[in-house]
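Please open the model in a viewer and follow the selections below in order.

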Amino acid sequence: MTVNKKTRPPYRKLAISLAVAIVAVVGGIGGGSWYWWQSAIAPMQSNSPSSPNLLQVNIPEGASAEEIGQILQEAGLIRSITAWKVWTRWTGLWQSASGFHAGTYQLSPQAPLPDLAQTIWSGKVQQVSFTVPEGWSQKQMARYFEELGWFAAQEFLDATQQIPRDRYPWLPPDIPFLEGFLFPNTYQIGLDQRTPEAVIGVMLNHFQESALPIYEARSGFSDLSLKDWVTLASIVEKEAVVADERTLIAGVFWNRLQQNITLGSDPTVEYGLGITQTPDQPLTYAQVETPSPYNTYINAGLTPTPIASPGLASLQAVVAPEETDFLYFVARYDGTHVFSRTLSEHLRAQAKIRDQQDAQQNSSNL
């Protein structure tokens with residue numbers, strides 16, 4: 001009886017594949033088959049001292065081994081589809097991985113067929129990096145990704161309003177967006193992962209791995225909620241420029257909170273108004289007096305949400321602040337601050353710094 005090829009049992013196909021591999025690779029060592037095999041798997045280009053001209057190849061989701069071979073041949077990366085079939089079927093019997101991985105790859109025409117197959121099998125996709133500095137807000141991140149050409153700023157901001165508690169159940173229940181929880185760092189992701197959801201995911205993963213353990217291992221501050229911890233750390237992050245002052249600033253803020261004194265933090269006013277002050281254009285009295293949920297000159301306690309993404313040092317400082325009796329500080333505009341215990345000391349420090357700024361500006365205008 002003749003067996004229809006379409007109904008041939010899978011195990012018979014596997015046996016035939018193995019037989020072809022053995023004949024081609026082992027049985028032909030002494031003759032032309034071995035020569036053909038070596039030629040078929042050889043690189044398309046010979047090695048040169050200069051760096052190879054890498055070719056970008058996209059392997060779509062669900063592509064079969066044969067389809068991948070065709071993609072590689074059309075890209076000018078392999079010499080023979082037959083050799084590709086032999087190699088992939090043979091190695092598929094002992095490779096630990098379950099199959100090829102979709103994605104975008106940078107492949108060299110100077111690489112032999114086995115190396116190309118191993119690269120795609122192991123999923124070494126082309127990666128790109130992005131860096132989110134400590135103290136950035138999600139609006140700054142949105143502009144950054146748009147400037148990189150990855151996606152529109154508004155797409156990112158819209159995605160930050162989708163709180164993925166199904167994957168991150170530790171996220172606070174009362175946050176309207178992910179401000180503060182997008183952990184600052186330098187990341188690498190696959191070229192095909194340049195979406196708002198993907199970059200948000202890797203930043204939340206890093207927060208979970210690096211920041212959350214600090215909160216869970218804190219000694220004292222048992223009543224401090226996760227949201228309040230990140231919120232206060234974000235304010236410390238925006239205020240502290242010099243690392244040595246970070247725990248001291250955290251201590252001042254804790255003193256003010258415990259004594260029910262408003263925090264009086266400029267960065268919270270800036271965040272609420274969507275502005276950034278500079279030495280030449282500091283906040284005006286009118287701006288400081290403008291009502292906003294984020295104005296900590298007017299409102300006691302913390303802001304409704306974090307105002308930026310704090311780094312590990314600021315997160316640590318909030319649960320390990322420096323013990324101090326200071327209640328005030330004012331920036332010198334060189335990164336450092338003058339700390340004071342009383343309001344009168346604070347006002348004198350402000351006046352002195354203001355006079356110094358005026359004198360410096362007058363001298364530069366001469």
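Select H7 (153–160) and H8 (196–216): H7 passes H8 in a right-handed crossing, a crossing being right-handed if the near helix is turned clockwise from the far one by less than a right angle, and left-handed if anticlockwise. Helices are DSSP runs of H or I of at least four residues, and strands are E runs of at least two, numbered from the N terminus.

This is a predicted model, in which local features need pLDDT of at least 70 and side-chain atom pairs pLDDT 80 or more, while totals for chains, interfaces and linings use all residues. Residues are numbered from 1 along each chain as its sequence is written, and side-chain values use heavy atoms, without hydrogens and water.

Next, display the contact residues (heavy atoms within 4.5 Å): Glu155, Phe156, Ala159 and Thr160 of H7 meet Pro196, Glu197, Val199, Ile200 and Met203 of H8.

Then centre on Phe156, whose contacts include Met141, Phe145 and Leu182.

Finally, select H3 (residues 65–74), where Ile68, Gly69 and Leu72 are buried (under 20% relative accessible area, 1.4 Å probe, protein chains only). These residues cover an arc of only 100° around the axis, taken from the directions to the C-beta atoms, which puts them on the same side of H3. Just after H3, glycine 76 has a positive phi of about 80°.

Key. Buried means under 20% relative accessible area, exposed over 50%, partly exposed in between (1.4 Å probe, protein chains only). Lists of a residue's contacts leave out its neighbours within four places in sequence.
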